Amino acid sequence: MPSSIEISDLTKRYGQFVSLDNVSLSVSAGEFLTLLGPSGSGKTTLLMSIAGFTRPDAGSIRIDNKEIVALPPHKRNIGMVFQNYALFPHMTVAENVGYPLKLRGVGKAERDQRITAALAAVQMDRFASRNVAQLSGGQRQRVAVARAIVFEPNIILMDEPLSALDKKLREEMQVELKHLQVRLGRTVVYVTHDQKEALTMSDRIAVMRAGKIEQIATPKDIYEAPASKFVADFIGDSDFVPASVVLSTGDHALARNFLQAKLGSLRDPIFVLRPEKIEIDTGADVSHGALRLSGTVQEVLYQGNALVAYIALESGQVIRLQRGTRTSIMESFPQAGSPVRILVHEKDICIVEQEELAR
Amino acid sequence: MTAGVNSAILASVDASEKRQSHLLLFPAIAVVSLAIAPFLWLGALSFVADGQISLEHYARMLANPSYITTFVTTLQMSAVVTAFVVLLGFPAAYAISLLPHRLATAALTLVAIPFWTSLLVRTYAWMVLLQRNGLINTWAIELGLVERPMRLANSFLGTSIGMIHIMLPLFIFTLYGTVKAIDRTLLRAAANLGASPIRTFMTVFLPLSLPGVVTGAMLTFIICLGFYVTPQLLGGGNVTTIPMRVQQNILIYSDWGAASALGVVLIVIVALVMLTLRAVVGKRG
């Protein structure tokens, strides 16, 4: 049975540094929730507080309505996959996976059976008698997962478990881990700074910033409707153009009503322009509400799967436009130096408030 | 081989590097001629008596019970000292490994200070402390712990105390490296999987620090076998170790053969200890 987690008003300071600032968060049973954020945003502190390795200064962590904030880690019965896997080097693969069962007094016969089942779930059953040192990074990762699920914890925590793997393997494991989570039906809290990983795997993403949760939503909502410039900037590529620039230089007649409704409530609004969500205006598309801006192509970069054009707007600001590399697109793509008009559809317009982001 | 562009130049660079690398042989030659050759020569002496090849020196050792006693004393002393060094040194190394970097450096410096102090000075210091009317006895009597002064100096006990103090830093340094290198996330992982702190220590920390303990203990034991000054001074004639007999044989009887026979037996003992330990520990991984 998966468990729910209810975190309220969790605070943790390290001297002057506030790592968790009154964080509240609920994770429903069976949910895959990802904590995403830059380093120092508090995501690891939050995860370690749930695991019991970090003692918060104040706040509450309840699992299935039972307070666990003061419980030592070994009494929490929460599975965890560590960043460096933390496999015991003096034990074989099977001994590693059997360790939590041994601690729980599971008999030899049942233990062997469960070790085999857990290793089979991660396709490592052939490696049971190997030494940990003989395994590759990806194999260690799988064993670490097997060890975290073998004692059937209701909650599994993962601390950047894929960060040490190369890109290909990482992408494979993302899908595999997600499938495993769905099959086992466990609650997973996952920490990563890889936004693509978060988008791929999660039911919901909590974007953290300076010890607070900036936005918590489904991957689609986080990407399509970022709550702030920080979120829009952290997830995906975006260029920001102040609303004043758009309104003074752009042709927005068709989107006027829409824009007015959106801009009305915001202080110092800026447009979030995602390179793949804008297109070159060929003049053919006049049917729906859209925003048009004029500019000059500065440079076109070929990236294999994408063409990226850097376009200087009339205001001088440079934005990016991205297209696929189908031959027909490439053939008609504007050259550097040529004037272009870009078009953003009303439904793709995203506006947030201006703020200074630390770089 | 085909001659390509620059192949002659590249080949000559290869050759000159090879010539230069021969220079590295000099230390090896020095070691062989200055250390190993005399060592073997001394070993060969033990099989010579009155100009003839014989086992007389070894036979005398077996026939003379005082030699047996000396061997037993030396081994006993080394074993006792090693045991206490491990018991005292392990918690110390563990505790230092838990300290934040600065404090750990300070603690290791404190450990190093006696290590840098001359062995002779430390031995004399212990003589002062352990004497009949030394500091320890005086305080113990004043505190009412004992009525009459204890016999600390000039005994097996006193020698052991001195040697433990002398050997402890070396053991702590040896073990500290191992203990410090143990990944602390492993301890977290054990706790996360349900192990209490004691279980974590027994099932993860201890097995992982064992190689360091064994290395440190072996080093301690072997060095203890060769102690001369400390048992001489702190034993006060009541403790006789093999190195003392070696010295007697050379300085008093001028019998190099007998002295080196003792050395050979000592080396054999050391080799046996090492092989046994390696067999026992090696099996565990």
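Me: In which hand does α2(A) pass α4(A)?

Reply: A crossing is left-handed if the near helix is turned anticlockwise from the far one by less than a right angle, and right-handed if clockwise. In this predicted model, α2(A) passes α4(A) in a right-handed crossing. Helices (H or I, at least four residues) and strands (E, at least two) are DSSP runs, numbered from the N terminus.

Me: At what angle do helix α2 and helix α4 of chain A pack, and how is that angle defined?

Reply: Axes are lines fitted to C-alpha atoms, for helices over the stretch in contact, and angles run from 0 to 180 degrees between N-to-C directions. Helix α2 (residues 93-103) of chain A packs against helix α4 (residues 137-149) of chain A at an angle of about 25°, and their axes are 7 Å apart. That makes α2(A) roughly parallel to α4(A). Angles under 35 degrees count as roughly parallel, over 145 as roughly antiparallel, 65 to 115 as roughly perpendicular and the rest as oblique.

Me: Which residues make the contact of α2(A) with α4(A)?

Reply: Two residues are in contact if their C-beta atoms, placed from the backbone, lie within 7 Å. From α2(A) come A:Val93, A:Asn96, A:Val97, A:Tyr99 and A:Pro100, and from α4(A) come A:Val143, A:Ala146 and A:Arg147. By class, this contact of α2(A) with α4(A) has six nonpolar residues, one polar and one charged. Here Ala, Val, Leu, Ile, Met, Phe, Trp, Tyr, Cys and Pro count as nonpolar, Asp, Glu, Lys and Arg as charged, and the others, Gly among them, as polar.

Me: How are α9(B) and α10(B) arranged?

Reply: Their axes come within 10 Å and cross at roughly 140°. The helices α9(B) and α10(B) are therefore oblique to each other, and their crossing is right-handed. In the contact, B:Leu186, B:Leu187, B:Ala190 and B:Ala191 belong to α9(B), while B:Thr200, B:Thr203, B:Val204 and B:Phe205 belong to α10(B). The contact of α9(B) with α10(B) comprises six nonpolar, two polar and no charged residues.

Me: At what angle does helix α4 of chain B pack with α10(B)?

Reply: Helix α4 (residues 65-98) of chain B and α10(B) pack at about 145°, with axes 9 Å apart. The crossing of α4(B) and α10(B) is right-handed. Residues in α4(B) that take part include B:Met77, B:Val81 and B:Phe90, and those in α10(B) include B:Val213, B:Ala217 and B:Phe221. The contact of α4(B) with α10(B) has 10 nonpolar, six polar and no charged residues.

Me: How many residues does each chain give to the contact between the chains?

Reply: Chain B gives 16 residues and chain A gives 15 residues. On the side of chain B that touches chain A, α9 (184-192) and α10 (197-225) each supply at least two residues. The largest share of that side, six residues, comes from α9(B).

Me: What are the domains of chain B?

Reply: Domain bounds come from an automatic or database domain assignment. Chain B has domain 1 (7-45) and domain 2 (56-283), and 37 Å separate the centres of these two domains of chain B, taken over C-alpha atoms.

Me: Where in chain B is confidence lowest, and where is it highest?

Reply: pLDDT is the predictor's confidence in each residue, from 0 to 100. Where pLDDT is low, the predicted coordinates should not be read in detail. Chain B has a mean pLDDT of 89, with 98% of its residues at 70 or more. Within chain B, confidence is lowest in strand β1 (residues 48-49), at a mean of 84, and highest in α9(B), at 94. The model scores ipTM 0.84 and pTM 0.81.

Me: Which conventions apply to numbering and to the confidence limits?

Reply: Residues are numbered from 1 along each chain as its sequence is written, and chains are lettered from A and ligands numbered from 1 in the order in which they are written. As this is a predicted model, local features need pLDDT of at least 70, side-chain atom pairs count only at pLDDT 80 or more, and totals for chains, interfaces and linings use all residues.
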